[in-house]
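Visitor: I would like to learn how to read strands and helix packing in a model. Can we take them one by one?

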Amino acid sequence: EERRYRSASGAPIALRRRQHSASCRELAVRCPRLQLRSLSAVTSAVWLAAYGLFVLSENSMVLSSAIFITLIGLIIYLHFVKIDQESLLVIGSLGIQVTSSYASGKESTTFIEMSQVKDVVINEAIHMQKVIYYLCILLQDPGDPQGVSEVVPLFQSSKPRLDCLIEVYKSCQEILEQRKTAPQSS
Amino acid sequence: NSPAPLPERAIYGFALFLGSWFGFILYIIWAFVPETWLFSLGLTYWPQKYWAVALPVYLLVAVGIGYILLFGINMMSTAPLNSTDTITDNYAKRQQQKKFQEEAIPALRDISISEVNRMFFLPEK
């Protein structure tokens with residue numbers, strides 16, 4: 001099912017929860033699409049600046065290079081920066097898979113084995129003059145059973161607010177608790 | 001070590017007051033009196049008058065840059081979101097567990113983030 005929430009900056013996001021089996025859940029956060037008004041605002045600003053340069057310098061290469069730069073910049077933004085959806089797939093005995101899919105269709109995935117996962121927690125930290133809540137995976141330190149070797153923050157570009165994070169946290173904890181009560185196989 | 005007025009402090013304050021007035025009058029003389037008049041008095045080895053304007057400008061620009069620099073240093077020393085400094089530190093790792101005594105207030109200690117999260121976000125049945 002899908003529910004609407006807000007991100008830390010106020011943009012509308014949607015959380016979709018799917019339960020594949022008793023020990024497997026998928027949680028996906030969908031970010032707002034690229035807005036036409038912001039795209040046209042940036043394009044007009046770049047082209048106006050290029051036209052101003054052309055009037056000052058009388059060089060028509062400025063105009064064609066501005067068009068070229070706008071096109072290349074849009075392609076780079078869609079392929080490397082603009083994230084469409086971030087999803088978390090928790091499989092009880094296997095591990096956690098984190099997927100980010102970009103607006104151009106590119107998907108980048110990271111898989112963390114369950115033996116490395118110590119816990120999934122909601123942490124709060126200072127980020128760019130704000131204190132935000134964010135979900136993160138704590139990785140186990142192999143030498144020290146109580147220690148944390150690494151922190152992997154999740155949902156970095158959609159940055160959901162606390163109500164959405166609590167839903168994701170509860171879903172993850174239900175699956176993570178199962179590995180404490182049933183540690184039969186290694 | 002109280003900040004109350006003392007006779008020594010009054011003397012220091014007055015000496016500083018006279019000294020700063022003297023320095024200011026000297027600076028004004030150096031900046032405004034033409035070089036020929038100073039040469040005729042025999043004072044030839046003074047710095048160029050360029051510095052009478054340059055040094056205050058340097059000082060004000062340094063103050064302005066200092067604002068931005070301090071802001072930037074603060075942002076740089078903030079721990080990033082993926083560092084373990086947001087969760088624990090050396091003192092919390094090495095703390096000792098005190099034994100639990102009946103009917104006494106438990107000792108102060110750092111609680112791990114997993115436990116805090118469970119308490120806040122998972123409802124108690």
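Visitor: How many bridges join S8(A) to strand S9 of chain A, and in which sense do they run?

Guide: First, the ground rules. This is a predicted model, where local features need pLDDT of at least 70, side-chain atom pairs count only at pLDDT 80 or more, and totals for chains, interfaces and linings use all residues. Residues are numbered from 1 along each chain as its sequence is written, chains are lettered from A and ligands numbered from 1 in the order in which they are written, and side-chain values use heavy atoms, with hydrogens and water left out. Helices (H or I, at least four residues) and strands (E, at least two) are DSSP runs, numbered from the N terminus. Two strands pair if DSSP finds at least two bridges between them. Here, five bridges join S8(A) to S9(A) (residues 148-153), and the two run antiparallel. Gln140(A) stands opposite Val148(A) in S9(A).

Visitor: Which strand does S7(A) pair with?

Guide: S7(A) (residues 117-127) pairs with S8(A) (residues 130-140), antiparallel, over 10 bridges. Asp119(A) faces Leu138(A) in S8(A). S7(A) and S8(A) form a hairpin with two residues between them. In the turn, Met128(A) has a positive phi of about 55°.

Visitor: Now helices. What describes two packed helices?

Guide: The angle between their axes and the distance between the axes. Axes are lines fitted to C-alpha atoms, for helices over the stretch in contact, and angles run from 0 to 180 degrees between N-to-C directions. Take H1(A) (residues 36-57) and H2(A) (residues 61-81): their angle is about 155°, with axes 9 Å apart. H1(A) and H2(A) are therefore roughly antiparallel (over 145 degrees).

Visitor: Which residues of H1(A) and H2(A) make the contact?

Guide: Contact means heavy atoms within 4.5 Å. Among them are Trp47(A) and Phe54(A) of H1(A), and Leu63(A) and Ile67(A) of H2(A). By class, this contact has 12 nonpolar, three polar and no charged residues. Ala, Val, Leu, Ile, Met, Phe, Trp, Tyr, Cys and Pro count as nonpolar, Asp, Glu, Lys and Arg as charged, and the others, Gly among them, as polar.

Visitor: At what angle do H3(A) and H5(B) pack?

Guide: H3 (residues 162-181) of chain A and H5 (residues 113-121) of chain B pack at about 115°, with axes 11 Å apart. Residues that meet include Tyr169(A) and Lys170(A) in H3(A), and Arg118(B) and Phe121(B) in H5(B). The contact of H3(A) with H5(B) has four nonpolar, two polar and three charged residues.

How values were computed
Angles under 35 degrees count as roughly parallel, over 145 as roughly antiparallel, 65 to 115 as roughly perpendicular and the rest as oblique.
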